[in-house]
Amino acid sequence: TAILSLKESSLAYEDYRAYELLGDIYYKRRELEKARFNWSRAAKLSPEEKSVAERLARLEKEMGLAESESRIEMPHFDVRYEKSIPVSAEKLVAILERAYFDVGRDFSYLPASRTIAYFYSEEDFRRIFSLPGHVRAFYDGNIKMPFPAGAVNEDELTRYIYHEYTHAVVSAITNNNCPAWFNEGLATWIEFKRNDAALASLLPKLASGIELSLGSLNEGISPESKDPRLYYLLSYTVVKYIVDKWGMSGLRDLLKRMAGGQHIVNAIDDEFLLSEKEFTARWRDYVRTR
């Protein structure tokens, strides 16, 4: 529907935004030639828009790699990886399948469509996406993750996959209406929920003097933040508090309210009968005492 509407719009009046959005949709669907065509039209109509030019440059690099990638089609994932990376396809398939059922069980949600997951060499991941060194993977509608040059740490790989796959599940559950900080808190909770003592030991060392408010989490997790890792950890404590206090059913019901379009603050108010101020006060006490 979106594609048809945008095409009709561009026939009625040529505007770079219609082509930019068409490019975004085709890129997410991995129809890269169509994405390049529409982003190129957008760039021609509005050459001052640097973000479109940046996406085109990144796309060219990705299309170059796509010619030499291997592909594994699974029931729940479409896996693509560079032939040169030291990956055991059997291990990768096993981890992804476990993630599908483990994360699905936690959220009582098993996506019907397949999730696309890309695995790159560390060098190509940094070259294509130009991300800070602390970014170990990301989800933009598809999972994208680098492999280290040496031996692969299977535990670490498993944690990263669970983290990024959680983003895919939460985005689907909430219709993309989950704020970034809470999404990262959920993914960090899933990543470490079977060994969260490691995170608990870090908090006192990192969080001294930090303002504990939902607003500060939103700012701290933004792309402008110099080091968002502390805020990932604090966002995790919000999720941990909700699960400890209201259980998984409370967390799932909160996500359902967001799926209906509610802002997280309103969803908390309606689900837990707590204002933002009261919820924040109780969460602060939880962090300080637990």
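**Reading the definitions in a predicted model**

The accessible surface of the protein comes to about 14,900 Å², and 50% of this belongs to carbon and sulfur atoms; the areas come from the Shrake-Rupley method with a 1.4 Å probe, and for residues only the protein chains shown count as cover. This is a predicted model, in which local features need pLDDT of at least 70 and side-chain atom pairs count only at pLDDT 80 or more, while totals for chains, interfaces and linings use all residues. Residues are numbered from 1 along each chain as its sequence is written, and side-chain values use heavy atoms, with hydrogens and water left out.

Student: What makes the radius of gyration of the protein agree with that of a compact globule?

Tutor: The radius is taken over C-alpha atoms, and the globule rule is 2.2 Å times the number of residues to the power 0.38. For 290 residues a compact globule would have a value near 19 Å, and the protein has 20 Å, which agrees.

Student: Why is Asp-124 called buried?

Tutor: Buried means under 20% relative accessible area, exposed over 50%, and partly exposed in between (1.4 Å probe, protein chains only). Asp-124 has a relative accessible area of 12%, so the residue is buried. Arg-127, with 37%, is therefore partly exposed. Of the 290 residues of the protein, 49% count as buried.

Student: What makes the contact between Asp-124 and Arg-127 a salt bridge?

Tutor: A salt bridge is a side-chain nitrogen of Lys or Arg within 4 Å of a carboxyl oxygen of Asp or Glu. The N to O distance for Asp-124 and Arg-127 is 2.9 Å, so the pair meets the definition. Both residues lie in helix H6 (residues 122-129), 3 residues apart, about one turn of the helix. By this rule the count comes to 24 salt bridges.

Student: Why is it said that Lys-91 and Glu-154 tie together parts that are 63 residues apart in sequence?

Tutor: In their salt bridge the closest N and O atoms are 3.5 Å apart. Lys-91 lies in helix H5 and Glu-154 in helix H7 (residues 154-173), so the pair links parts that are 63 residues apart in sequence. Lys-91 counts as partly exposed at 47% relative accessibility, and Glu-154 is partly exposed at 34%.

Student: How do you know that strand S2 is largely enclosed by the rest of the structure?

Tutor: Helices (H or I, at least four residues) and strands (E, at least two) are DSSP runs, numbered from the N terminus. In strand S2 (residues 77-82), 6 of the 6 residues are buried, so the strand is largely enclosed. Both faces are covered: Phe-77, Val-79 and Tyr-81 are buried on one side, and Asp-78, Arg-80 and Glu-82 on the other.
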